[in-house]
Amino acid sequence: MSSPNPKPAFDFAKWWDRVGILLVLLALVVFMVIAAPNFTRVDNILNILRAISINAILAAGMTFVILTAGIDLSVGSIVAVSGVVSVLAAVAGVPAPLAILLGMAAGAACGMVNGMLSAYLALAPFIVTLGTMTFLRGLAYTLTEGKPVVSSTLSFKALGSGYWLGIPIPVYIMAAVYLISWFVLERTTFGRHVYAVGGNPTAARLAGVKVKRVTATVYVIAGVCAGIAGLIFSARVISAQPTAGQGYELDAIAAVVLGGTSLMGGRGRILGTLIGAAILGVLTTGLILLNVPFFTQLLVKGAVIIFAVAIDSLKQRPFLFGSGKRPDGTTPPDNKATS
Amino acid sequence: MGENGAGKSTLMKILAGNVARDAGVIEIDGQRVEIATPADARRHGIAIIHQELNTVPYMSVAENLALGKEPKTRFGMLDRQRMTQDAADKLDRIGAKIDVTQPLGSLSIGMQQMVEIARAVGEEARVLVLDEPTAALSRTESEQLYSLIGQMRADGVGLIYISHRMEEVWRLADRITVLRDGRYVGTEIADDLTEGQIVSMMVGRDIADLYGHGPREPREPLLRVEGLRGNGVGPFDLTVHAGEVVCVAGLIGAGRTEMARLIFGADARTGGQVWIHGTQSAPVDPAAAIAQGIGMVPEDRKSEGLFLEHSVKDNIAISTLEDLSWMGILRRPKLRAAVSERMAQLRLRSNAIDLPVEALSGGNQQKAAVARWLLRDSQVLILDEPTRGVDIGAKREIYDLIDTLARQGKAILVISSDLPEAIGIGDRVLVVRDGRIVHDMPSAEATEEIVMLHATGARAATAQATQHKGARP
């Protein structure tokens, strides 16, 4: 700390942390605006927002989990379970608010199982949620006896297809999920504990953080988010679909990683995740508008994910992009040259 | 020898070909040699045993020893039989009895080190550099290493042994070279030196000046431990009074860190009691201990103490968030102000508050780790090796800080492997051996000899010393 203040040199890493992924989104939007004239129509923009809402909500919950250096592969299956539970309840005559609560509770319960197994039995989250992914999918099939349960008079179908002030309801839900997630992560003690557990679990425990409780809780949060996503999904298709949400966990993880959250935990921002989800949504919708064949869409999406993550990783190498100086002006010792 | 940051490891890296030299000459057998790469070093017969071992834990001992030059059969297949035989031969040469077919990772660190040495010997190394080899070894393992070193010396291998530990330097060295601040201070015949001389060569100033503190007046007992045991240590009793600094000395592996972790609730205890201010406390986890007013700065601040990528503010505030929030919602201005205040108190630059803590120097990182407990207003502080890896100037600052905190009425327990420090900065010295407190004396009466006598177990120490002298060529 004794060294003088360094000159405010251009620091790519820092700059990219703040605005990098947003620039990717803007560049994409500009490209789409130029290439696809229909892109800027209001209904198209609203469509994109509604289309990304399910993935964005899943990704919000996933952000909590990944911030603790965990992973949740079961959220896609939770989408199916909670959708099935709430639709079956509604069909059986349960009032809509209660059916909605039941769906979210089902999500929370699934998340609780993931959390308990990961935190208190100290099993690897990857394996635990790989198991519950299959188990919960089986549960969704069992509950519906393997076939969709359609209810054209579904009491809470407004959750999926309704509008308020000209804006789709799922967009409000998405906004609410992100506001709450942002507040919890940035402004509460629990949020700080999430970052601490992901940053260094040993140090977190020695600093008095209840590591197991925090770890279990993030899976419950991911479960609740998946429950909400499941409600929106089944409301959209006015039915209980045991096949709902297949592969959604990977899109959610992609959004989180695109948003700059480290899979190693402890580093990342919830708003980055929202931008990550938006990038995926704009790409999908834009490519459809451009009449790009489905196979090619997959190629482009995959390439964009790798490109964005590669930049995020390369910025860690000072000789490529930065001044090689630490923020306090000293040069870090070269850890790799030894042994 | 030399303090941390004196340049010992850098010098070794130059010898090993990992770092390029800026100037100067390296001679082996009077021949000037160029060492630009690790391969050059190996060709000239220089082998380095690093503190962190360069081995593949899942492969067998034999596979590790053959790594990069596996024997082949006529058909280009791996000659397993010969590989096993070669490995057994190499280990035989250094008298190590190790089953070469087991995975290396299943061996203790000491045994793994033996394997590394066997490799060096097998490569006909003429100069062997050992960089703090006993840092991670148990007592018995260290003894094995010492006798192996004696044997290699007898075989005519030149040995460079880097160490902080006075007692082993005394046992092993023929000559002692001291480095300080990247410079050569001097080389003397070991028998001609006293410990005090070495220390003043290392620190470049008087010891009393480094460790000195004014008189303190310990008051009522603040931390009291009775019959505490668990995690392979204890049962032990200890008392630290308000306003008192108690240092815990002992050899590495004696169980001091384990004791601290028991008091702090970091490991499960199997018995015993802890009192804080006369109130019985039974910390079941660190969170409970912290709530009762204990704070611990762990030995390895990078892996256990700090969140390196997170800001200084987050690192300092993490244990006090409940007090700085309302219904779980952070009161950010209050939090910031409270953290700034502690930083100022510790003379940490205020504009570092939002920097990642890894951007700070070792000494300042340590201050941030202590600041966490100042903010929490913990009454009992356990500092495990608080000056490891910090430079001399920062050491003095940390000693001053410990003194100030004691004067404020806190009870401070310092674990230190640095003997002059353990004796110099506290009011009492506890000596730990084999997980028990074997001696408790006022610092004023403590000398390094007394501490070492108890730390090693007096009779054993004398026997070893005689044996060693006899073994010298």
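The legends below describe close-up views of a predicted model.

**View 1. A nonpolar surface patch that includes A:Leu23.**
A:Leu23 belongs to helix α1 of chain A, which covers residues 12–35. With a relative accessible area of 38%, A:Leu23 is partly exposed.

**View 2. The second largest pocket, lined by 31 residues.**
Nearest the centre of the pocket lie B:Leu159, B:Ile160, B:Tyr161, B:Arg175 and B:Thr177. Two or more lining residues come from each of these elements of chain B: helices α1 (8–16), α6 (139–154) and α7 (166–172), and strands β5 (158–162), β6 (175–180) and β7 (183–189). The largest share of the lining, 6 residues, is given by α1(B). Sorted by class, the lining of the second largest pocket holds 20 nonpolar, 6 polar and 5 charged residues.

**View 3. A positive phi at A:Ala69.**
Most residues other than glycine have a negative phi. At A:Ala69, which is not a glycine, phi is positive, near 70°. A:Ala69 sits in the loop of chain A that runs between α2 (42–67) and α3 (75–91). The relative accessible area of A:Ala69 is 38%, so this residue counts as partly exposed.

**View 4. A positive phi at B:Met327.**
B:Met327 is another residue other than glycine with a positive phi, here about 55°. The loop that holds B:Met327 lies between β14 (325–326) and β15 (329–330) of chain B. B:Met327 is exposed, because its relative accessibility is 70% and the class begins over 50%.

**View 5. A:Ala255 in helix α11 of chain A.**
Helix α11 spans residues 248–258 and contains A:Ala255. A:Ala255 has a relative accessible area of 0% and is therefore buried. Between the C-alpha atoms of A:Ala255 and A:Thr68 the separation is 16 Å, while 187 residues part the two along the chain.

**View 6. The largest cavity, with a volume of about 50 Å³.**
Cavities of 30 Å³ or more number 3 in the structure. Residues lining the largest cavity are B:Leu238, B:Val248, B:Arg256, B:Met259, B:Ala260, B:Ile263, B:Leu413, B:Ile415, B:Val432 and B:Ile437. In chain B, α10 (256–263) and β17 (411–415) are the elements that give two or more residues to this lining. The most, 4 residues, comes from α10(B). By class, 9 residues of the lining are nonpolar, no residue is polar and 1 is charged.

**View 7. The second largest cavity, holding about 40 Å³ of space.**
This cavity is lined by B:Tyr211, B:Gly212, B:His213, B:Arg216, B:Arg396, B:Tyr399, B:Ile402, B:Asp403 and B:Ile425. Helix α16 of chain B (residues 392–407) gives the most to the lining, with 4 residues. The lining of the second largest cavity divides into 4 nonpolar, 2 polar and 3 charged residues.

Notes. Residues are numbered from 1 along each chain as its sequence is written. Chains are lettered from A and ligands numbered from 1 in the order in which they are written. This is a predicted model: local features need pLDDT of at least 70, side-chain atom pairs count only at pLDDT 80 or more; totals for chains, interfaces and linings use all residues. Side-chain values use heavy atoms; hydrogens and water are left out. Patches are made of residues with over 30% relative accessible area and no salt bridge: like charges are joined within 9 Å, nonpolar side chains (Val, Leu, Ile, Met, Phe, Trp, Tyr) within 5 Å. Accessible areas come from the Shrake-Rupley method with a 1.4 Å probe; for residues, only the protein chains shown count as cover. A salt bridge is a side-chain nitrogen of Lys or Arg within 4 Å of a carboxyl oxygen of Asp or Glu. Buried means under 20% relative accessible area, exposed over 50%, partly exposed in between (1.4 Å probe, protein chains only). On a 1 Å grid over the protein atoms alone, a cavity is a set of points where a 1.4 Å probe fits but cannot get out, and a pocket is an open set with protein on both sides within 12 Å along at least five of seven lines; lining residues have an atom within 4 Å of a point. Ala, Val, Leu, Ile, Met, Phe, Trp, Tyr, Cys and Pro count as nonpolar, Asp, Glu, Lys and Arg as charged, and the others, Gly among them, as polar. Grid points are joined across faces, edges and corners, and a volume is the space filled by probe spheres set on the points.
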